[in-house]
Amino acid sequence: MKKFTRVACIAATALVLSAALPVAAQAAPGSWTAPASVEIPHPDGDGSSLLWRISSAAGTMGHVQRGSGTFGEYGYDTDVVVTQLVCTGQDVTLNTLSFVPNADFDSTTEVDTGDFVATGTGTWAGLDDAVQIRVFGEGDLMRTSHLLTNNTGSPITVTWKMHHDWTDAGAIAHVQTSTGDNVWDASDIWAGAYSEDPGVMVAAFFWATPDLLTNASTAFIDNNLSLPLVNLTEAFSGDQTFNTFTVAPGAKYQLMWFDSNTEAAAETNDARQAALTTAVAEFGDWEWGVHDRSARGIDVTIAGNWREGHYNPQPKTATLPNTGARLDGAWIALGLLVAAGGVFAIRRRVRSVR
């Protein structure tokens with residue numbers, strides 16, 4: 001497995017603090033560089049934590065685990081069977097190029113919310129980039145945001161590609177996509193998964209409001225058969241490519257995605273499904289838009305792949321595509337990306353993190 005896949009949880013988010021939004025009190029900032037672990041005290045207050053492993057400054061995730069003590073004591077560094085673990089890996093490119101940070105990021109923990117926030121700047125595909133990585137204080141959600149600015153004299157058209165590596169996954173008990181099947185393809189806007197025996201962690205990946213930026217194609221390979229993936233019941237790796245978007249000279253585009261890792265109340269499929277349903281409702285009940293905590297610390301008036309959410313708790317049928325968003329300096333509602341990245345083997349032998 002690639003290095004970035006081992007270094008679990010990801011987070012690289014665009015720092016765009018809105019003057020119109022209240023700013024939470026913060027702890028003293030510190031220098032931060034990925035790969036790194038983010039430890040969030042568990043809401044149960046039992047002394048345990050949720051450990052998110054962030055694998056790159058671009059905001060990619062490797063794994064999430066519940067435990068206590070130092071990172072090695074979570075079991076990820078040792079040859080032990082690990083429970084309550086979500087393990088996946090991601091890599092992300094724009095026009096096949098990686099994000100290049102200008103320097104180490106700053107990090108802080110918001111006193112009011114408990115959110116861990118890492119911020120920094122860099123360049124990506126010819127665009128200037130302000131990044132915010134936010135792991136929410138509840139421990140179940142991470143938002144990565146990139147505020148992309150075109151400071152050149154020409155429009156820049158961008159192809160966003162996410163590489164997913166689920167080769168560490170064990171037997172996947174259940175996968176659900178936005179279209180109701182277990183095949184992750186271009187018709188979907190989110191996907192989620194969980195494993196059985198044992199395990200309570202349920203993973204999901206949300207990538208955009210569907211009418212603003214949608215999934216153009218997927219190319220996944222079954223890790224066991226070395227053939228194109230038929231359904232999401234095997235370990236796999238491969239690429240997800242989104243519709244292109246264009247950033248006009250002088251314009252901005254706010255690219256965001258969410259990684260969700262929720263805990264089921266019990267080690268049953270009914271409980272795991274309930275946890276996934278809860279994760280999806282945070283976006284679906286708000287018309288696939290960001291709102292309340294999911295919009296925390298960003299300016300929702302900046303055009304991008306998510307829009308501001310509006311509450312409508314009715315059953316939703318995912319509506320798909322247009323061709324993306326073209327920025328011409330006019331305001332475009334933020335679009336929401338909804339895709340659930342998979343929950344993976346809760347029972348697995350873990351290799352050392354490099």
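This tour moves from the whole chain to its aromatic pairs and then to the surroundings of one serine.

The model is a predicted one, in which local features need pLDDT of at least 70 and side-chain atom pairs count only at pLDDT 80 or more, while totals for chains, interfaces and linings use all residues. Residues are numbered from 1 along each chain as its sequence is written, and side-chain values use heavy atoms, with hydrogens and water left out.

Of the 354 residues in the chain, 57% are buried (under 20% relative accessible area, with exposed meaning over 50% and partly exposed in between, for a 1.4 Å probe and protein chains only).

Next, display the rings of Phe, Tyr and Trp, among which a search of the whole structure finds 18 aromatic pairs (ring centres within 6.5 Å, taking the six-membered ring of Trp; planes under 30 degrees apart are stacked, over 60 edge-to-face and the rest tilted). Select Trp207 and Phe242, an edge-to-face pair with 5.9 Å centre to centre and 65° between the planes. Trp207 sits in the loop between strand S17 (201-206) and strand S18 (215-222), whereas Phe242 belongs to strand S20 (residues 236-242), so that the pair links parts of the chain 35 residues apart. Both Trp207 and Phe242 are buried.

Move on to Trp286 and Tyr311, a tilted pair at 5.0 Å centre to centre and 50° between the planes. Each of the two lies in the loop between H2 and S23, so the pair ties together parts that are 25 residues apart in sequence. Tyr311 counts as exposed because its relative accessibility is 52%.

Now select Ser294, in the loop between helix H2 (269-284) and strand S23 (326-327), which counts as buried because its relative accessibility is 0%. A polar atom of the Ser294 side chain lies 2.8 Å from the backbone oxygen of His291. Showing what surrounds Ser294, and leaving aside neighbours within four places in sequence, one finds it in contact (heavy atoms within 4.5 Å) with Phe136, Arg143, Phe258, Glu282 and Phe283.

Notes:
Helix = DSSP H or I, 4+ residues; strand = E, 2+ residues; numbered from the N terminus. Polar contact = N/O pair within 3.5 Å; in protein donor to acceptor, adjacent residues only side chain to side chain.
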